[in-house]
Amino acid sequence: MNTNLSSFFIFIAVFGLLGVCHGQLRMHFYEESCPHAEEIVQEIIWNRVASNSTLPAKFLRMHFHDCFVRGCDGSVLIDSTPDNLAEKAAIPNLSLAGFDIIDEVKTELENTCPGVVSCADIVALAARDSVSYQFQMPIWDVLTGRRDGTISHESEALANIPSPFFNFTTLKQSFANKSLTVHDLVVLSGGHTIGVGHCNFFSNRLYNFTGKNDEDPSLNSTYAAFLKTQCKSLSDNVTIVPMDPGSPLSFDNNYYNILKQNEGLFQSDAALLTDSEATYNVNELLNSQNFFMEFAQSIMRMGAIQVLTGTSGEIRKNCSVVNP
């Protein structure tokens, strides 16, 4: 890690980034009610990430998908019932993973402080702690105090989670609906520096972009040729490829480098270069220190979307089931 970045992480550790509260959320919400809550989450998450380096991308995505549907209320964790198809059943969420580890954390917290720590806060902390494992220190603050929602519908996930097929106008509106800016959109898209994409979410760009068996002209032709060796048909919905082939397990700003080379995997990635304001932000984030600073701020804003606090919602005893 370069010296500037090391200094930046020391700055985060000592001074924090955005003060101590955001609406009803605040730092160290559980300081009195469950003093070791955040330590318990970090210990379990770090132990799991140590043996499974794909988890940071999974928890980051889970946090994103949770917050974009009914706000950050843990509703993405709720199982379907005979009477209700929950968010988990929606196509964008079928590939989510890590629910078993959220349950492991919840069980330990319930043993330590029954009925105190929300599943929504666990998801937010798991995202931060899993991504932070490679740095061995937290790289953004997580304000806590969220409470859990009691409603989860497949249809709302489909309606609210941004699609990899979105153009810039649709992406911008999707984020604006959650009080997030174009700047937040570009910064949070940087999460694609880790994780994988399934072929069926981008193979139209390789084989049938405009319905004429054509390739997306905005996609780097060399990269497209490589992708065709991995995704051999439009119907392949099993094969996965890294979203950032250069460093798929490293949380860094390389996403913006590949974007500038027209190697963004999804149509929604390439869309960031079709708007002047978004392109300006992409260029700023080519600086690593800028990226870490801005990501910390944007994900905290995302983590405060429509949160339930105070006496709203509940503290679920089991993250996958609404309290009886």
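Visitor: How much space lies in the largest cavity?

Guide: Rolling a probe the size of a water molecule over the atoms shows where empty space is left. In this predicted model, the largest cavity holds about 90 Å³ of space. A cavity is a set of points, on a 1 Å grid over the protein atoms alone, where a 1.4 Å probe fits but cannot get out. Grid points are joined across faces, edges and corners, and a volume is the space filled by probe spheres set on the points. The search of the whole structure finds one cavity of 30 Å³ or more.

Visitor: Which residues lie nearest the centre of the largest cavity?

Guide: L143, R146, I299, M300 and G303 do, out of 13 lining residues. A lining residue has an atom within 4 Å of a point. By class, the lining of this cavity divides into eight nonpolar, three polar and two charged residues. Ala, Val, Leu, Ile, Met, Phe, Trp, Tyr, Cys and Pro count as nonpolar; Asp, Glu, Lys and Arg as charged; the others, Gly among them, as polar.

Visitor: What is the volume of the largest pocket?

Guide: About 1,100 Å³. A pocket is an open set of points with protein on both sides within 12 Å along at least five of seven lines. The largest pocket is lined by 43 residues, and R61, H65, H192, M243 and F266 are the closest to its centre. Its lining has 28 nonpolar, 12 polar and three charged residues.

Visitor: Which helix gives the most to the lining of the largest pocket?

Guide: Helix 3, with seven residues. Other elements that each supply at least two include helix 7 (168–176), strand 3 (196–198) and helix 14 (288–302). Helices (H or I, at least four residues) and strands (E, at least two) are DSSP runs, numbered from the N terminus.

Visitor: Now a helix face. Which residues of helix 13 are buried?

Guide: An α-helix has 3.6 residues a turn, so residues three or four places apart point the same way. In helix 13 (residues 276–284), A278, T279, N281 and V282 are buried. Seen down the helix 13 axis, they fall within an arc of 160°, so they line one face. The arc is that of the directions from the helix axis to the C-beta atoms. On the other side, S276 and Y280 are exposed. Buried means under 20% relative accessible area, exposed over 50%, partly exposed in between (1.4 Å probe, protein chains only).

Visitor: What do the buried residues of helix 13 pack against?

Guide: Helix 7, helix 8 and helix 11 (254–260). At the start of helix 13, a side-chain oxygen of D275 comes to within 3.0 Å of the backbone nitrogen of E277.

Visitor: Where is S174 found, and what does S174 contact?

Guide: S174 sits in helix 7 and is buried, at 9% relative accessible area. Leaving aside neighbours within four places in sequence, S174 is in contact (heavy atoms within 4.5 Å) with F68, N160, P162 and F166.

Visitor: Last, the backbone. What is the phi of Q136?

Guide: Positive, about 60°, although Q136 is not a glycine. Q136 lies in the loop between helix 5 (119–132) and helix 6 (154–160). N262 also has a positive phi, near 60°, and lies in the loop between helix 11 and helix 12.

Visitor: What ground rules apply?

Guide: Residues are numbered from 1 along each chain as its sequence is written, and side-chain values use heavy atoms, with hydrogens and water left out. Local features need pLDDT of at least 70, side-chain atom pairs count only at pLDDT 80 or more, and totals for chains, interfaces and linings use all residues.

Technical notes: A polar contact is a pair of N or O atoms within 3.5 Å; within protein, one must be able to donate a hydrogen and the other to accept it, and residues adjacent in sequence count only if both atoms are side-chain atoms.
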